[in-house]
Amino acid sequence: MMRTRPLKVALLGCGVVGSEVARIMTTHADDLAARIGAPIELAGVAVRRPDKVREGIPRELITTDATALVKRGDIDVVVEVIGGIEPARSLITTAFEHGASVVSANKALLAQDGTDLHAAAEANNKDLYYEAAVAGAIPLIRPLRESLAGDKVNRVLGIVNGTTNFILDKMDSTGAGYQEALDEATALGYAEADPTADVEGFDAAAKAAILAGIAFHTRVRLDDVYREGMTEVTAADFASAKEMGCTIKLLAICERAEDGQSVTARVHPAMIPLTHPLASVRGAYNAVFVESDASGQLMFYGPGAGGSPTASAVLGDLVAVCRNRLSGTTGPGESAYAALPVSGMGDVVTRYHISLDVADKPGVLAQVATVFAEHGVSIDTVRQQGKDGEASLVVVTHRASDAALGGTVEALRKLDTVRGVASIMRVEGE
(Lines give C-alpha, C1' and ligand atoms only; values in the text may rest on other atoms or scores of the structure.)
Protein backbone atom coordinates (compact mmCIF):
# COMPACT_ATOMS: atom_id res chain seq x y z
CA MET A 1 0.00 0.00 0.00
CA MET A 2 1.32 3.43 -0.94
CA ARG A 3 1.72 6.03 1.77
CA THR A 4 -0.24 9.18 0.96
CA ARG A 5 1.86 11.67 2.94
CA PRO A 6 4.67 12.83 0.66
CA LEU A 7 8.36 12.70 1.43
CA LYS A 8 9.72 16.23 1.28
CA VAL A 9 12.82 17.03 -0.77
CA ALA A 10 14.95 20.17 -0.53
CA LEU A 11 17.07 21.04 -3.56
CA LEU A 12 20.30 22.99 -3.06
CA GLY A 13 21.27 24.48 -6.43
CA CYS A 14 19.22 24.87 -9.56
CA GLY A 15 21.74 25.07 -12.37
CA VAL A 16 22.07 22.63 -15.25
CA VAL A 17 21.79 19.57 -13.03
CA GLY A 18 19.46 20.94 -10.35
CA SER A 19 16.89 22.24 -12.83
CA GLU A 20 16.86 18.84 -14.55
CA VAL A 21 16.36 17.09 -11.21
CA ALA A 22 13.39 19.35 -10.49
CA ARG A 23 11.96 18.74 -13.96
CA ILE A 24 12.15 14.95 -13.65
CA MET A 25 10.66 15.03 -10.16
CA THR A 26 7.67 16.90 -11.61
CA THR A 27 7.16 15.14 -14.94
CA HIS A 28 7.77 11.63 -13.59
CA ALA A 29 6.06 12.16 -10.24
CA ASP A 30 3.64 9.23 -10.56
CA ASP A 31 6.32 6.76 -11.64
CA LEU A 32 8.68 7.88 -8.88
CA ALA A 33 5.90 7.56 -6.28
CA ALA A 34 5.14 4.02 -7.48
CA ARG A 35 8.79 3.01 -7.28
CA ILE A 36 9.32 4.56 -3.85
CA GLY A 37 6.01 3.64 -2.24
CA ALA A 38 5.12 7.25 -1.44
CA PRO A 39 4.86 10.51 -3.35
CA ILE A 40 7.77 12.95 -3.18
CA GLU A 41 7.33 16.70 -2.94
CA LEU A 42 9.78 19.43 -3.86
CA ALA A 43 9.59 21.48 -0.68
CA GLY A 44 12.14 24.20 -1.43
CA VAL A 45 14.90 25.22 -3.81
CA ALA A 46 17.92 27.22 -2.59
CA VAL A 47 19.57 29.44 -5.22
CA ARG A 48 21.91 32.42 -5.42
CA ARG A 49 19.91 34.39 -8.01
CA PRO A 50 16.23 34.34 -6.98
CA ASP A 51 15.07 36.60 -9.81
CA LYS A 52 16.07 34.19 -12.56
CA VAL A 53 13.09 32.55 -14.27
CA ARG A 54 13.03 28.80 -13.59
CA GLU A 55 10.44 27.07 -15.69
CA GLY A 56 8.28 24.58 -13.82
CA ILE A 57 9.35 25.66 -10.34
CA PRO A 58 6.84 27.76 -8.37
CA ARG A 59 8.40 31.02 -7.22
CA GLU A 60 7.24 30.40 -3.64
CA LEU A 61 9.65 27.46 -3.43
CA ILE A 62 12.66 29.60 -4.28
CA THR A 63 14.85 30.84 -1.43
CA THR A 64 18.31 32.27 -0.98
CA ASP A 65 18.52 31.01 2.60
CA ALA A 66 19.85 27.49 2.14
CA THR A 67 20.63 27.11 5.84
CA ALA A 68 17.06 27.84 6.88
CA LEU A 69 15.80 25.38 4.28
CA VAL A 70 17.86 22.45 5.57
CA LYS A 71 17.02 23.36 9.18
CA ARG A 72 13.27 23.20 8.66
CA GLY A 73 12.94 19.83 10.37
CA ASP A 74 10.27 18.49 8.00
CA ILE A 75 12.70 17.80 5.13
CA ASP A 76 13.28 14.10 4.47
CA VAL A 77 16.01 14.34 1.83
CA VAL A 78 18.36 17.15 0.83
CA VAL A 79 19.74 17.03 -2.73
CA GLU A 80 23.00 19.00 -2.94
CA VAL A 81 24.14 20.02 -6.42
CA ILE A 82 25.80 23.37 -5.73
CA GLY A 83 29.37 21.98 -5.75
CA GLY A 84 32.48 23.32 -4.04
CA ILE A 85 33.56 22.87 -0.44
CA GLU A 86 31.67 25.61 1.39
CA PRO A 87 28.85 26.22 2.03
CA ALA A 88 28.08 22.68 0.76
CA ARG A 89 29.91 20.96 3.63
CA SER A 90 28.16 22.98 6.34
CA LEU A 91 24.77 22.57 4.68
CA ILE A 92 25.13 18.80 4.43
CA THR A 93 26.16 18.36 8.06
CA THR A 94 23.34 20.69 9.14
CA ALA A 95 20.88 18.62 7.11
CA PHE A 96 21.96 15.46 8.96
CA GLU A 97 21.63 17.18 12.32
CA HIS A 98 18.08 18.29 11.48
CA GLY A 99 16.81 14.90 10.36
CA ALA A 100 17.43 14.75 6.61
CA SER A 101 19.36 12.25 4.53
CA VAL A 102 21.51 13.64 1.72
CA VAL A 103 22.06 12.94 -1.97
CA SER A 104 25.09 14.76 -3.38
CA ALA A 105 26.91 15.13 -6.70
CA ASN A 106 29.84 16.96 -5.08
CA LYS A 107 33.00 15.05 -6.03
CA ALA A 108 35.42 17.70 -4.74
CA LEU A 109 33.84 17.75 -1.29
CA LEU A 110 33.54 13.96 -1.04
CA ALA A 111 37.16 13.47 -2.11
CA GLN A 112 38.35 15.96 0.50
CA ASP A 113 35.97 15.38 3.40
CA GLY A 114 34.13 12.15 2.66
CA THR A 115 35.23 10.53 5.91
CA ASP A 116 33.83 13.35 8.05
CA LEU A 117 30.60 13.46 6.07
CA HIS A 118 30.10 9.71 6.42
CA ALA A 119 30.74 10.02 10.15
CA ALA A 120 28.14 12.80 10.43
CA ALA A 121 25.60 10.70 8.51
CA GLU A 122 26.24 7.68 10.75
CA ALA A 123 26.05 9.74 13.93
CA ASN A 124 22.61 10.94 12.93
CA ASN A 125 21.48 7.59 11.45
CA LYS A 126 21.02 9.09 7.99
CA ASP A 127 22.00 8.21 4.42
CA LEU A 128 24.71 9.81 2.30
CA TYR A 129 24.48 8.77 -1.36
CA TYR A 130 26.58 10.17 -4.21
CA GLU A 131 26.34 8.12 -7.39
CA ALA A 132 26.31 11.31 -9.46
CA ALA A 133 29.71 12.41 -8.11
CA VAL A 134 31.56 10.01 -10.43
CA ALA A 135 30.90 9.35 -14.12
CA GLY A 136 27.46 10.95 -14.43
CA ALA A 137 24.75 8.50 -15.40
CA ILE A 138 27.04 5.46 -15.36
CA PRO A 139 26.14 3.16 -12.43
CA LEU A 140 29.51 2.77 -10.78
CA ILE A 141 29.42 3.70 -7.08
CA ARG A 142 26.57 1.31 -6.27
CA PRO A 143 28.10 -1.69 -8.13
CA LEU A 144 31.42 -1.14 -6.34
CA ARG A 145 29.80 -0.54 -2.97
CA GLU A 146 27.08 -3.19 -3.16
CA SER A 147 27.23 -5.56 -6.16
CA LEU A 148 30.94 -6.28 -5.69
CA ALA A 149 30.86 -6.17 -1.89
CA GLY A 150 31.64 -9.90 -1.76
CA ASP A 151 34.51 -9.67 -4.25
CA LYS A 152 38.06 -8.35 -4.05
CA VAL A 153 38.66 -5.46 -6.44
CA ASN A 154 42.27 -5.19 -7.56
CA ARG A 155 42.19 -2.40 -10.12
CA VAL A 156 39.95 0.40 -11.36
CA LEU A 157 41.11 1.94 -14.63
CA GLY A 158 39.02 4.53 -16.40
CA ILE A 159 38.21 7.63 -18.38
CA VAL A 160 36.22 9.73 -15.92
CA ASN A 161 36.25 13.17 -17.54
CA GLY A 162 34.34 13.78 -20.76
CA THR A 163 36.01 17.10 -21.59
CA THR A 164 39.50 15.64 -21.66
CA ASN A 165 38.38 12.59 -23.60
CA PHE A 166 36.75 14.80 -26.23
CA ILE A 167 39.95 16.84 -26.63
CA LEU A 168 42.24 13.82 -26.86
CA ASP A 169 39.86 12.04 -29.23
CA LYS A 170 39.92 15.08 -31.54
CA MET A 171 43.70 15.18 -31.46
CA ASP A 172 43.81 11.49 -32.30
CA SER A 173 41.22 11.44 -35.07
CA THR A 174 42.03 14.74 -36.81
CA GLY A 175 45.70 15.39 -36.02
CA ALA A 176 44.77 18.66 -34.33
CA GLY A 177 47.02 20.23 -31.71
CA TYR A 178 45.95 20.57 -28.08
CA GLN A 179 44.84 24.22 -28.30
CA GLU A 180 42.83 23.66 -31.47
CA ALA A 181 41.02 20.70 -29.92
CA LEU A 182 40.38 22.65 -26.70
CA ASP A 183 38.92 25.55 -28.68
CA GLU A 184 36.49 23.20 -30.40
CA ALA A 185 35.51 21.63 -27.07
CA THR A 186 34.84 25.10 -25.66
CA ALA A 187 32.77 26.15 -28.67
CA LEU A 188 30.62 23.01 -28.36
CA GLY A 189 30.09 23.51 -24.62
CA TYR A 190 32.15 20.51 -23.52
CA ALA A 191 34.82 22.69 -21.87
CA GLU A 192 34.33 25.50 -19.37
CA ALA A 193 35.66 28.99 -20.04
CA ASP A 194 38.36 28.07 -17.51
CA PRO A 195 39.10 24.38 -18.25
CA THR A 196 41.81 24.01 -15.61
CA ALA A 197 39.92 21.57 -13.37
CA ASP A 198 39.43 19.23 -16.32
CA VAL A 199 42.64 19.47 -18.36
CA GLU A 200 44.96 19.55 -15.34
CA GLY A 201 43.32 16.45 -13.90
CA PHE A 202 41.80 17.91 -10.73
CA ASP A 203 38.29 16.68 -11.59
CA ALA A 204 39.50 13.18 -12.41
CA ALA A 205 41.70 13.07 -9.29
CA ALA A 206 38.71 13.76 -7.04
CA LYS A 207 36.83 10.93 -8.71
CA ALA A 208 39.84 8.63 -8.38
CA ALA A 209 39.96 9.28 -4.64
CA ILE A 210 36.30 8.34 -4.28
CA LEU A 211 36.64 5.21 -6.42
CA ALA A 212 39.78 4.02 -4.65
CA GLY A 213 38.23 4.46 -1.24
CA ILE A 214 35.20 2.37 -2.14
CA ALA A 215 37.03 -0.26 -4.17
CA PHE A 216 39.73 -0.96 -1.58
CA HIS A 217 37.81 -0.27 1.66
CA THR A 218 40.46 2.28 2.54
CA ARG A 219 40.32 6.00 3.19
CA VAL A 220 41.83 7.77 0.18
CA ARG A 221 41.83 11.55 0.12
CA LEU A 222 42.37 13.89 -2.78
CA ASP A 223 45.88 14.68 -1.51
CA ASP A 224 46.76 10.98 -1.84
CA VAL A 225 46.14 10.99 -5.60
CA TYR A 226 49.04 11.65 -7.96
CA ARG A 227 47.88 14.11 -10.62
CA GLU A 228 49.34 15.06 -13.97
CA GLY A 229 47.46 17.12 -16.57
CA MET A 230 47.30 16.67 -20.33
CA THR A 231 48.22 20.15 -21.59
CA GLU A 232 51.65 18.96 -22.71
CA VAL A 233 50.33 16.16 -24.92
CA THR A 234 51.22 16.90 -28.55
CA ALA A 235 50.36 15.70 -32.03
CA ALA A 236 53.83 14.12 -32.08
CA ASP A 237 52.88 12.03 -29.04
CA PHE A 238 49.86 10.72 -30.91
CA ALA A 239 52.02 9.93 -33.93
CA SER A 240 54.33 7.89 -31.68
CA ALA A 241 51.36 6.17 -30.07
CA LYS A 242 49.98 5.16 -33.46
CA GLU A 243 53.33 3.64 -34.44
CA MET A 244 52.98 1.44 -31.34
CA GLY A 245 49.36 0.54 -32.08
CA CYS A 246 48.16 2.75 -29.23
CA THR A 247 46.17 5.89 -28.53
CA ILE A 248 46.38 8.36 -25.63
CA LYS A 249 43.79 8.84 -22.87
CA LEU A 250 43.74 10.73 -19.58
CA LEU A 251 43.27 7.86 -17.14
CA ALA A 252 42.29 7.52 -13.51
CA ILE A 253 44.04 4.42 -12.17
CA CYS A 254 43.45 2.93 -8.73
CA GLU A 255 45.18 -0.36 -7.91
CA ARG A 256 46.43 -2.67 -5.23
CA ALA A 257 50.13 -3.40 -5.04
CA GLU A 258 51.10 -6.87 -6.21
CA ASP A 259 51.56 -8.00 -2.61
CA GLY A 260 48.14 -6.59 -1.68
CA GLN A 261 49.58 -4.59 1.21
CA SER A 262 49.08 -1.07 -0.19
CA VAL A 263 47.16 0.87 -2.83
CA THR A 264 47.85 3.72 -5.22
CA ALA A 265 45.64 6.24 -6.98
CA ARG A 266 46.80 8.37 -9.89
CA VAL A 267 45.62 10.46 -12.82
CA HIS A 268 47.77 11.12 -15.89
CA PRO A 269 47.86 10.79 -19.69
CA ALA A 270 48.86 7.34 -20.87
CA MET A 271 49.21 5.33 -24.04
CA ILE A 272 46.87 2.35 -24.21
CA PRO A 273 46.74 -0.35 -26.91
CA LEU A 274 44.02 0.01 -29.53
CA THR A 275 42.91 -3.49 -28.55
CA HIS A 276 41.98 -2.32 -25.04
CA PRO A 277 38.24 -1.54 -24.55
CA LEU A 278 39.02 1.96 -23.26
CA ALA A 279 40.75 2.86 -26.54
CA SER A 280 37.40 2.85 -28.36
CA VAL A 281 35.74 5.35 -25.98
CA ARG A 282 35.14 8.39 -28.15
CA GLY A 283 33.95 11.97 -27.74
CA ALA A 284 32.79 13.13 -24.32
CA TYR A 285 31.93 9.65 -23.08
CA ASN A 286 33.31 7.99 -19.95
CA ALA A 287 34.20 4.38 -19.28
CA VAL A 288 35.61 2.55 -16.28
CA PHE A 289 37.28 -0.86 -16.34
CA VAL A 290 37.12 -2.86 -13.08
CA GLU A 291 39.24 -5.93 -12.38
CA SER A 292 38.41 -8.21 -9.46
CA ASP A 293 39.22 -11.71 -8.25
CA ALA A 294 35.87 -13.42 -8.78
CA SER A 295 34.16 -11.25 -11.41
CA GLY A 296 37.20 -10.84 -13.61
CA GLN A 297 37.01 -7.83 -15.90
CA LEU A 298 33.97 -5.54 -16.00
CA MET A 299 33.46 -2.36 -18.02
CA PHE A 300 31.01 0.46 -17.30
CA TYR A 301 30.36 2.88 -20.18
CA GLY A 302 28.13 5.85 -20.92
CA PRO A 303 27.70 9.65 -20.81
CA GLY A 304 29.70 10.96 -17.90
CA ALA A 305 28.45 14.54 -17.61
CA GLY A 306 25.65 16.90 -18.56
CA GLY A 307 22.36 17.85 -16.97
CA SER A 308 20.24 14.84 -17.89
CA PRO A 309 22.81 12.06 -17.28
CA THR A 310 23.87 13.50 -13.93
CA ALA A 311 20.26 14.12 -12.91
CA SER A 312 19.51 10.47 -13.72
CA ALA A 313 22.12 9.38 -11.17
CA VAL A 314 20.78 11.87 -8.60
CA LEU A 315 17.23 10.56 -9.04
CA GLY A 316 18.41 6.98 -8.70
CA ASP A 317 19.95 7.85 -5.36
CA LEU A 318 16.87 9.82 -4.36
CA VAL A 319 14.64 6.80 -4.95
CA ALA A 320 16.97 4.56 -2.92
CA VAL A 321 17.21 7.02 -0.02
CA CYS A 322 13.44 7.57 0.04
CA ARG A 323 12.86 3.81 0.15
CA ASN A 324 15.24 3.57 3.09
CA ARG A 325 13.40 6.42 4.75
CA LEU A 326 10.08 4.61 4.47
CA SER A 327 11.49 1.33 5.83
CA GLY A 328 13.35 3.04 8.66
CA THR A 329 16.74 1.80 7.50
CA THR A 330 19.89 3.26 6.02
CA GLY A 331 22.03 2.03 3.18
CA PRO A 332 25.74 1.19 3.27
CA GLY A 333 27.99 3.84 4.74
CA GLU A 334 31.75 4.20 4.59
CA SER A 335 33.71 0.93 4.50
CA ALA A 336 37.31 1.63 5.48
CA TYR A 337 38.08 -1.47 7.52
CA ALA A 338 41.06 -2.49 5.34
CA ALA A 339 42.94 0.73 6.19
CA LEU A 340 45.64 -0.01 3.62
CA PRO A 341 48.48 2.50 3.28
CA VAL A 342 48.38 4.67 0.16
CA SER A 343 51.74 4.54 -1.59
CA GLY A 344 53.30 7.38 -3.53
CA MET A 345 53.91 7.52 -7.25
CA GLY A 346 57.51 6.38 -6.87
CA ASP A 347 56.30 2.86 -6.05
CA VAL A 348 54.08 2.56 -9.13
CA VAL A 349 55.28 0.01 -11.67
CA THR A 350 54.34 0.37 -15.34
CA ARG A 351 55.82 0.65 -18.84
CA TYR A 352 57.20 3.92 -20.25
CA HIS A 353 57.57 5.56 -23.64
CA ILE A 354 60.49 8.02 -23.66
CA SER A 355 61.35 10.25 -26.62
CA LEU A 356 64.88 11.72 -26.62
CA ASP A 357 66.54 14.30 -28.85
CA VAL A 358 70.10 13.04 -29.37
CA ALA A 359 73.19 13.61 -31.49
CA ASP A 360 73.16 11.50 -34.65
CA LYS A 361 76.49 9.73 -34.30
CA PRO A 362 77.83 6.26 -33.50
CA GLY A 363 77.69 5.08 -29.89
CA VAL A 364 74.67 7.13 -28.78
CA LEU A 365 72.36 4.13 -28.55
CA ALA A 366 74.94 2.21 -26.54
CA GLN A 367 75.34 5.10 -24.08
CA VAL A 368 71.59 5.39 -23.61
CA ALA A 369 71.14 1.64 -23.19
CA THR A 370 73.90 1.59 -20.57
CA VAL A 371 72.12 4.26 -18.51
CA PHE A 372 68.88 2.26 -18.55
CA ALA A 373 70.76 -0.89 -17.52
CA GLU A 374 72.57 0.88 -14.68
CA HIS A 375 69.23 1.94 -13.20
CA GLY A 376 67.64 -1.48 -13.54
CA VAL A 377 65.18 -0.46 -16.28
CA SER A 378 64.83 -3.07 -19.00
CA ILE A 379 64.30 -1.87 -22.58
CA ASP A 380 61.59 -3.47 -24.72
CA THR A 381 62.03 -1.62 -28.04
CA VAL A 382 64.13 1.21 -29.49
CA ARG A 383 63.49 3.30 -32.58
CA GLN A 384 65.97 5.89 -33.93
CA GLN A 385 65.61 8.38 -36.77
CA GLY A 386 68.39 10.83 -37.67
CA LYS A 387 69.06 13.72 -40.04
CA ASP A 388 71.71 16.46 -40.31
CA GLY A 389 73.53 15.51 -37.14
CA GLU A 390 70.44 15.33 -34.94
CA ALA A 391 68.23 12.35 -34.16
CA SER A 392 65.11 11.26 -32.34
CA LEU A 393 65.45 8.20 -30.16
CA VAL A 394 62.30 6.51 -28.84
CA VAL A 395 62.68 3.95 -26.06
CA VAL A 396 59.84 1.76 -24.76
CA THR A 397 60.62 0.00 -21.48
CA HIS A 398 59.42 -3.14 -19.83
CA ARG A 399 57.69 -2.59 -16.49
CA ALA A 400 59.67 -0.41 -14.10
CA SER A 401 58.99 1.70 -11.03
CA ASP A 402 58.41 5.41 -11.40
CA ALA A 403 61.35 6.04 -9.07
CA ALA A 404 63.69 3.94 -11.21
CA LEU A 405 62.53 5.67 -14.37
CA GLY A 406 63.02 9.07 -12.73
CA GLY A 407 66.62 8.24 -11.88
CA THR A 408 67.19 6.99 -15.42
CA VAL A 409 65.90 10.19 -17.00
CA GLU A 410 67.98 12.33 -14.66
CA ALA A 411 71.10 10.43 -15.72
CA LEU A 412 70.17 10.66 -19.41
CA ARG A 413 69.97 14.44 -19.17
CA LYS A 414 73.63 14.49 -18.09
CA LEU A 415 74.85 12.74 -21.26
CA ASP A 416 76.58 15.08 -23.72
CA THR A 417 74.91 13.22 -26.59
CA VAL A 418 71.37 13.76 -25.24
CA ARG A 419 70.07 17.18 -26.32
CA GLY A 420 66.84 16.89 -24.39
CA VAL A 421 63.92 14.73 -23.26
CA ALA A 422 61.09 15.47 -25.67
CA SER A 423 58.40 13.51 -23.83
CA ILE A 424 57.78 10.80 -21.25
CA MET A 425 54.51 8.90 -21.22
CA ARG A 426 53.32 5.85 -19.34
CA VAL A 427 51.96 2.85 -21.22
CA GLU A 428 48.95 1.23 -19.50
CA GLY A 429 46.30 -1.34 -20.18
CA GLU A 430 48.43 -4.34 -21.04
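**First selection: aspartate 113**

Aspartate 113 is buried, its relative accessible area being 8%; buried denotes under 20% relative accessible area, exposed over 50%, and partly exposed the range in between, with a 1.4 Å probe and protein chains only. The model is a predicted one, in which local features need pLDDT of at least 70 and side-chain atom pairs count only at pLDDT 80 or more, while totals for chains, interfaces and linings use all residues. Residues are numbered from 1 along each chain as its sequence is written, and side-chain values use heavy atoms, with hydrogens and water left out.

Please display helix α5, residues 107-123, to see the element that holds aspartate 113. Helices (H or I, at least four residues) and strands (E, at least two) are DSSP runs numbered from the N terminus. Which residues are in contact with aspartate 113, leaving aside its neighbours within four places in sequence? They are Ile85, Arg89 and Arg221, where contact means heavy atoms within 4.5 Å.

**Backbone features in three loops**

Next, select glutamate 86 and proline 87, which are joined by a cis peptide bond with omega of about 10°. Proline 87 belongs to the loop between β4 (77-80) and α4 (88-97).

Move on to asparagine 125, in the loop between α5 and β6 (128-129). Although asparagine 125 is not a glycine, its phi is positive, at about 55°. Is asparagine 125 buried or exposed? With a relative accessible area of 52%, asparagine 125 is exposed.

Alanine 135 is the next stop, located in the loop between β6 and α6 (141-147). Its phi is near 65°, a positive value in a residue other than glycine. Alanine 135 counts as buried, at 1% relative accessibility.

Now select strand β13, residues 349-359. This strand is mostly covered, with nine of its eleven residues buried.

- Strand β17 (residues 418-427) runs antiparallel to β13 and is joined to it by eight bridges. Histidine 353 has methionine 425 as its bridge partner in β17.
- Strand β15 (residues 390-397) pairs with β13 in the antiparallel sense over seven bridges. In β15, valine 396 stands opposite histidine 353.
- Strand β16 (residues 400-401) is also antiparallel to β13, with two bridges between them. Alanine 400 in β16 is the bridge partner of threonine 350.

**The whole chain**

Finally, show the entire chain, which has 14 helices and 17 strands. Its radius of gyration is 24 Å, close to the 22 Å that the globule rule gives for 430 residues, so the chain is as compact as a globular protein of that length. The radius is taken over C-alpha atoms, and the globule rule is 2.2 Å times the number of residues to the power 0.38. Taken along the principal axes, the C-alpha atoms fill a box of roughly 85 × 45 × 35 Å.

Of the 430 residues, 53% are buried. Among contacts with a separation of 6 or more, 73% are between residues 24 or more positions apart.

Notes:
Two strands pair if DSSP finds at least two bridges between them.
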